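This report describes one protein chain for a reader who has not seen it before. Please look over the sequence and the structure before reading on.

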Amino acid sequence: MIDQSAMATATATLAIPLDGLTITAPQPEMLSQKNVEAVTGIPARVFLDTIRAPGFPLPVTKLGKLRLVEREAFVACLRALAGEPASRRSAEADERTRVAAVLAAAGLEPIASTRTGRASIPPEGARRGRLPPK
């Protein structure tokens, strides 16, 4: 014999305020200038400049004026760009080391120069860039 009290159900109405609900939608598969800021925080102008830059490594789908890029690939590309400055610095250090080795092989040494970006006064006795008189 089945116990009737175990099969009993209760029904209730629950009122939840709208500001108490959080509805999340899945991330879009493709990013465009219309949704990129909401998904990544990157302004549309920066997104468009990035994907139009020469050498941008990802395929861009064009639909009229809309530009689409795969979200996961774009985020991976941004992460790679974020890690690039350190590798660029080490590449510049490697280049300086190679230059110093070539100079040393020729019996020379590199001289540090301070570049201020300003015009400087020529050293005493230096002549201006004029041709000698004939």
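Of the 134 residues of the protein chain, 13% count as buried. The structure is a predicted model. The chain exposes about 12100 Å², and carbon and sulfur atoms supply 58% of that area. Its secondary structure comes to four helices and three strands, which follow one another from the N terminus in the order β-α-α-β-β-α-α. Among contacts with a separation of 6 or more, 41% join residues 24 or more positions apart.

**The core**

The largest nonpolar core has eleven residues: Leu31, Val36, Ile42, Phe47, Leu48, Ile51, Phe56, Leu58, Val69, Phe74 and Cys77. At least two residues of this core come from each of helix 2 and helix 3. Helix 2 provides the largest share, three residues. In soluble globular proteins, nonpolar side chains tend to be buried together.

Helix 2 spans residues 44-52, and its residues Phe47, Leu48 and Ile51 are buried. Viewed down the helix axis, the buried residues of helix 2 lie within an arc of 95°, so they line one face of the helix. The cover over these buried residues includes strand 1, helix 1 (36-40), strand 3 (66-70) and helix 3 (71-82).

Val69 is another member of the core. Residues up to four places away in sequence aside, Val69 touches Glu29, Met30, Leu31, Phe47, Ile51, Leu58, Pro59, Val60 and Phe74.

**The loop between strand 1 and helix 1**

Ser32 sits in the loop between strand 1 and helix 1, and Lys34 is found in that loop as well. Which of the two is buried and which is exposed? Ser32 has a relative accessible area of 6%, so it is buried, the cut-off being under 20%. Lys34 has a relative accessibility of 73%, so it counts as exposed, which requires over 50%. Apart from its neighbours within four places in sequence, Ser32 is in contact with Phe47, Leu66, Arg67 and Leu68.

**Salt bridges**

The count of salt bridges comes to two.

| Salt bridge | Closest N and O atoms |
|---|---|
| Asp49 with Arg45 | 3.4 Å |
| Arg71 with Glu72 | 4.0 Å |

Asp49 and Arg45 are four residues apart in helix 2, so about one helical turn separates them. Asp49 is partly exposed, at 42% relative accessibility. In the other pair, Arg71 is buried, with a relative accessible area of 17%, whereas Glu72 counts as exposed at 57% relative accessibility.

**A nonpolar patch on the surface**

Some nonpolar residues lie on the surface: Leu14, Ile16, Leu18, Leu21 and Ile23 form a patch there. Together these residues have about 630 Å² of accessible area. How accessible is Leu21, and where in the chain is it placed? Leu21 has a relative accessible area of 45% and is partly exposed. Its place is in the segment before strand 1 (30-31).

Key:
Residues are numbered from 1 along each chain as its sequence is written. This is a predicted model: local features need pLDDT of at least 70, side-chain atom pairs count only at pLDDT 80 or more; totals for chains, interfaces and linings use all residues. Side-chain values use heavy atoms; hydrogens and water are left out. Patches are made of residues with over 30% relative accessible area and no salt bridge: like charges are joined within 9 Å, nonpolar side chains (Val, Leu, Ile, Met, Phe, Trp, Tyr) within 5 Å. Accessible areas come from the Shrake-Rupley method with a 1.4 Å probe; for residues, only the protein chains shown count as cover. A salt bridge is a side-chain nitrogen of Lys or Arg within 4 Å of a carboxyl oxygen of Asp or Glu. Buried means under 20% relative accessible area, exposed over 50%, partly exposed in between (1.4 Å probe, protein chains only). The arc is that of the directions from the helix axis to the C-beta atoms. Contact means heavy atoms within 4.5 Å. A nonpolar core is a set of buried Ala, Val, Leu, Ile, Met, Phe, Trp, Tyr and Cys residues joined through side-chain atoms within 4.5 Å.
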